[in-house]
Amino acid sequence: MSKLTPNQNKTIEEYWSDLDGLKKQLRYREWELLNAYQETDINIGGGKANRISDR
């Protein structure tokens, strides 16, 4: 098993010290992905075809 470097230990401690804040950010992001952004199609008329037609 390899040992962690002092830099890795510091990073882990920072995550642990702000665990509640990270959980709050995660809950908000989950809500944002599931509920907040629901794109509606405003181009209901369609567009032009990209082909030359005989008509």
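Does Trp16 count as buried or exposed, and at what relative accessibility? Trp16 counts as exposed, because its relative accessibility is 62%; the cut-offs are under 20% relative accessible area for buried, over 50% for exposed and partly exposed in between, with a 1.4 Å probe and protein chains only.

The model is predicted, and local features need pLDDT of at least 70, side-chain atom pairs count only at pLDDT 80 or more, and totals for chains, interfaces and linings use all residues. Residues are numbered from 1 along each chain as its sequence is written, and side-chain values use heavy atoms, without hydrogens and water.

The protein has 2 helices and 0 strands. Both kinds of element are DSSP runs, numbered from the N terminus: helices are H or I with at least four residues, strands E with at least two. Buried residues make up 0% of the 55 residues. The accessible surface is about 6400 Å², and carbon and sulfur atoms hold 52% of that area. Accessible areas follow the Shrake-Rupley method with a 1.4 Å probe; for residues, only the protein chains shown count as cover.

Helix H1 covers residues 6–17. Its 12 residues should span 16 Å at 1.5 Å a residue, and the end C-alpha atoms are 16 Å apart, in agreement. The expected span is 1.5 Å times one less than the number of residues. The number of buried residues in H1 is 0, so the helix lies largely in the open. Trp16 belongs to H1. Together with Leu4, Ile12 and Leu19, Trp16 forms a nonpolar surface patch of about 400 Å² accessible area. Patch residues have over 30% relative accessible area and no salt bridge; nonpolar side chains (Val, Leu, Ile, Met, Phe, Trp, Tyr) are joined within 5 Å, like charges within 9 Å.

The whole structure contains 1 salt bridge, defined as a side-chain nitrogen of Lys or Arg within 4 Å of a carboxyl oxygen of Asp or Glu. Arg29 and Glu32 form this contact at 2.7 Å, N to O. They are 3 residues apart in helix H2 (residues 19–36), so about one helical turn separates them. Arg29 is partly exposed at 42% relative accessibility. Glu32 is partly exposed at 25%.

The count of aromatic pairs is 1. Tyr28 and Trp31 form a tilted pair, 5.7 Å centre to centre with 35° between the planes. Rings of Phe, Tyr and Trp (its six-membered ring) pair if their centres lie within 6.5 Å; planes under 30 degrees apart are stacked, over 60 edge-to-face, the rest tilted. Both residues lie in H2, 3 residues apart.
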